[in-house]
Amino acid sequence: MAAQFPAPPKAVLLDVGGIFLVPEHDRIMGAFTRGGFTPSVDLDRAHYAGAVAFPAGTDDELDWATRWRAYLDGYMTECATPDDLREEVHEHLDSEFADAALWIQEVPGAREGLKALADSGVRLGIISNADGMIGQRLADLEILQVGPGIGVAVECVIDSGAVGVMKPDPRIFHLALDAMGIAAGDAWYVGDMPGIDIVGARAAGLQPVLMDPYQFHLEADYSRVGSLAELAGIVAAT
């Protein structure tokens with residue numbers, strides 16, 4: 001059974017992939033087509049299915065390439081990729097995912113959910129494994145930016161490509177906490193991949209919350225939400 005939510009947080013730190021943005025549908029469909037197969041499924045669901053398959057653990061227990069392969073295998077399985085085309089499709093998907101700019105399709109309702117979170121009065125920050133450009137992409141989309149602007153104001157955007165350390169390494173979480181002057185025990189971290197986000201947040205001492213819109217993790221021992229709007233309601237009520 002999923003864990004209950006603890007005392008209200010002073011800050012909510014958020015991932016980007018699977019929270020605000022998912023892989024662009026047209027590019028994903030193009031990769032499948034080049035591999036000889038056209039899926040007729042919910043591509044967003046395929047991302048969260050891939051997140052289920054991504055193994056937990058630190059990088060010294062299992063190399064990143066093996067873990068990433070597991071994500072793509074889960075993605076392809078959800079898309080009902082024929083066995084004889086999996087290697088070809090994998091090659092084309094992997095090529096698309098190598099470009100961080102693939103993550104540009106907005107999660108429905110995420111923009112409004114973030115505004116609701118901000119309206120609750122909780123402090124906000126971003127921690128993302130990206131390419132050093134995720135803050136600019138989010139600002140260009142008018143979703144959020146550091147400080148005042150068109151989007152929702154957040155206090156920090158910690159991008160692994162800019163700081164040189166990736167989740168699940170606890171150090172990237174500590175960079176955000178230090179930037180905001182917040183203790184780990186006073187912060188929640190919302191991510192979509194248990195093997196990265198839950199593992200990393202726990203190691204850093206934050207309360208982890210999984211974004212689980214398709215209810216793949218009903219028996220998990222961590223807190224889950226289906227949307228940022230749901231999270232905002234929980235924060236406001238605690």
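## Strands, cores and a buried histidine

Strand E1 (residues 11-14) runs parallel to E4, and 4 bridges join the two. One of these pairings can be found by residue: leucine 13 has glycine 125 in E4 as its bridge partner. The model shown here is predicted.

Stay with strand E4, which spans residues 123-128. E4 also pairs with strand E7 (residues 157-159). That pairing is parallel too, with 3 bridges. Look for serine 128: its bridge partner in E7 is aspartate 159. E4 therefore has E1 as one partner and E7 as another, under the rule that two strands pair if at least two bridges are found between them. Strand E4 is also mostly covered. Of its 6 residues, 5 are buried.

Now turn to the nonpolar side chains. In soluble globular proteins, such side chains tend to be buried together. Here the largest nonpolar core holds 31 residues. Five of them touch the most other members: Leu14, Phe20, Leu117, Leu228 and Leu231. Helix H10 (residues 228-237) is the element that gives the most to this core, with 5 residues.

Which residues does leucine 231 contact, leaving aside its neighbours within four places in sequence? They are Val12, Leu117, Trp188, Val190, Val209 and Val225.

Next, find histidine 92 in helix H4, which covers residues 86-97. Is this histidine buried or exposed? Histidine 92 counts as buried because its relative accessibility is 17%, and the cut-off for buried is under 20%. Its side chain makes a polar contact with the side chain of glutamate 88, at 3.2 Å. Beyond its neighbours within four places in sequence, histidine 92 is in contact with Ala31, Arg34 and Gly35.

Finally, consider the cysteines. A disulfide is a covalent bond between the sulfur atoms of two cysteines. How many disulfides are counted in this model? The count comes to 0, where the rule asks for a pair of cysteine sulfur atoms within 2.5 Å. Cysteine 79 is buried, with a relative accessible area of 1%. Cysteine 156 counts as buried as well, at 5% relative accessibility.

Notes
Residues are numbered from 1 along each chain as its sequence is written. This is a predicted model: local features need pLDDT of at least 70, side-chain atom pairs count only at pLDDT 80 or more; totals for chains, interfaces and linings use all residues. Side-chain values use heavy atoms; hydrogens and water are left out. A nonpolar core is a set of buried Ala, Val, Leu, Ile, Met, Phe, Trp, Tyr and Cys residues joined through side-chain atoms within 4.5 Å. Buried means under 20% relative accessible area, exposed over 50%, partly exposed in between (1.4 Å probe, protein chains only). Contact means heavy atoms within 4.5 Å. A polar contact is a pair of N or O atoms within 3.5 Å; within protein, one must be able to donate a hydrogen and the other to accept it, and residues adjacent in sequence count only if both atoms are side-chain atoms.
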